[in-house]
Amino acid sequence: MTSSSGPTTGPTVAEILDSHLHGSGSPTRTARMVLDAIDARGDDGTWLSVVPREELLAAAAALEARPDARDLPLYGVTFGVKDSIDVAGVPTTLSCPAYAYLAETTAPAVRRLIDAGALYVGKTNLDQFATGLNGTRTPYTMPRGVYGNGMISGGSSSGSALAVAHGDVPFTVATDTAGSGRVPAALNGIIGYKPSRGLISTVGLVPACKSLDCLTAMTSTIADMDLVMGILQARDDADPWARDPGPRFDGSTIRIGLPPVEHLEFFGDEAMEDVHLAFRNRLAHLSIPGGTSIVEVSLEPFLAAGELLYSGPWVAERLVVFGDFLAEQPDEIHPVVREILESGRKYSAVDAFAALQRLQELRAEVARVWQGIDVLVVPTIGRTFTVDEVLADPIGANTVLGHYTHFGNLLDLNGIAVPQGVTSDGRPHSAMLLGAALTDDTVLQLAAALLDEPRDRASSDVMADRAASVPSS
């Protein structure tokens with residue numbers, strides 16, 4: 001397999017802001033460049049809808065005319081939104097035209113970005129009903145990964161990852177229930193961050209599994225992630241899972257948990273195994289305040305929890321939202337998605353309680369693991385797939401893609417997919433950093449070190465403070 005171009009990310013959030021405030025750029029110019037780039041590439045499955053050119057340019061011009069606009073923390077920065085999240089006046093399709101509805105209000109998380117001066121560009125593609133990790137389950141144009149060779153884009157937040165990896169926008173808002181943000185980020189060489197659940201409001205999101213859903217973001221740098229998260233993260237008491245952020249990284253030694261090599265699974269992908277094991281050798285020598293230490297930990301309780309997701313009753317939770325549509329219009333649902341939804345009907349209340357009890361046992365076991373480590377490091381994915389391989393075995397391939405991600409929300413973890421180069425044959429390698437709930441700042445600190453990025457929290461704090469002072473529209 002030969003290498004393709006990989007990601008061609010555009011200007012970062014920080015670079016766009018600097019251009020708008022101190023250079024020759026402007027929100028209107030940035031909006032025009034984004035639209036030109038999208039038009040030039042054509043329909044490649046990244047975007048499902050884009051704001052009409054005259055409308056987006058008018059919004060940019062109106063922003064420029066505001067007397068306070070240059071003080072806004074995301075002044076003229078463009079972004080995209082996964083099409084399972086509401087934006088007022090825009091259809092929310094979930095990649096199912098028959099299910100689509102016109103959103104009346106904008107999700108609070110998205111509204112915070114717009115109020116902070118960001119320019120909404122459009123809705124991005126996804127695996128239908130956010131059910132899948134591969135990007136092939138859409139009736140629209142099927143997206144492809146940026147590394148070429150017929151590789152999948154990953155999903156369900158396929159378009160959100162591609163919009164950043166293609167350089168259309170510097171960040172996107174996506175979701176991650178079982179890996180839907182981390183997997184496509186890994187397959188397209190960018191950063192996908194799933195914060196601790198409850199830090200970003202899920203109001204205005206059409207649930208996949210409401211008890212597990214999490215809004216996420218994708219960027220090309222940790223600095224951008226800090227800036228965006230400083231605005232996205234805000235307690236929303238209309239979200240029953242809302243909670244406040246945890247403590248900041250205190251500069252102490254980060255204890256990195258590494259599973260024994262025999263606990264890792266690469267599904268026959270020797271090149272991926274080689275590059276990941278070489279990456280692990282770097283972890284004890286990172287430049288980070290306080291340094292790092294390596295602790296061997298068992299991956300078994302984590303993987304056992306992950307097996308509960310699709311082999312247990314959580315798949316039935318999808319029927320809470322989509323059950324009536326499945327009963328009334330089954331032929332409008334992608335065949336693989338329909339099969340998954342229908343499988344939820346076989347579970348009973350007894351099954352649900354048995355699984356909840358088993359999960360609680362595993363959570364207790366994992367809690368003891370966290371007493372000895374701060375961050376668990378594993379591959380984001382164990383192997384890559386081509387579109388043809390996924391279409392030949394859609395359920396099996398999807399299970400492999402979620403091997404290291406399925407357990408994240410079940411165990412109440414935060415996680416980030418961090419690009420770490422390519423395999424010997426040119427495919428993307430991504431490491432995943434996982435932490436216990438509300439240890440996000442420590443996980444992000446380690447991610448920044450892996451990317452050799454200095455981390456300026458003071459700057460992102462200023463941005464967050466400025467966003468908090470902006471009145472909501």
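## Ground rules

Residues are numbered from 1 along each chain as its sequence is written, and side-chain values use heavy atoms, leaving out hydrogens and water. Because the model is predicted, local features need pLDDT of at least 70 and side-chain atom pairs count only at pLDDT 80 or more, while totals for chains, interfaces and linings use all residues.

## The sheet

Let's start with the strands (DSSP runs of E, at least two residues, numbered from the N terminus). An open sheet is formed by 11 strands with mixed pairing, in the order E1-E5-E2-E6-E8-E7-E12-E13-E11-E9-E10; two strands pair if DSSP finds at least two bridges between them. At the edges sit E1 (47-50) and E10 (292-296), each pairing on one side only. On average, neighbouring strands are turned by 25° against each other, direction ignored.

E10 runs parallel to E9 (residues 254-258), and five bridges join the two.

## A helix lying across

Helices here are DSSP runs of H or I, at least four residues. H12 (residues 349-370) lies across E9, E11 (375-379), E12 (413-422) and E13 (428-436), and runs at about 95° to E13. Such angles run from 0 to 180 degrees between N-to-C directions, with axes fitted to C-alpha atoms, for helices over the stretch in contact (heavy atoms within 4.5 Å).

## A covered helix

Now find H5 (residues 158-165): eight of its eight residues are buried, meaning under 20% relative accessible area with a 1.4 Å probe, protein chains only. Among the buried residues are Ser158, Leu162 and Val164. Their cover includes E1, E2 (78-82), E5 (119-124), E6 (171-175), helix H6 (182-187) and E8 (215-219). Just after H5, Gly167 takes a positive phi of about 85°.

Terms used: Buried means under 20% relative accessible area, exposed over 50%, partly exposed in between (1.4 Å probe, protein chains only).
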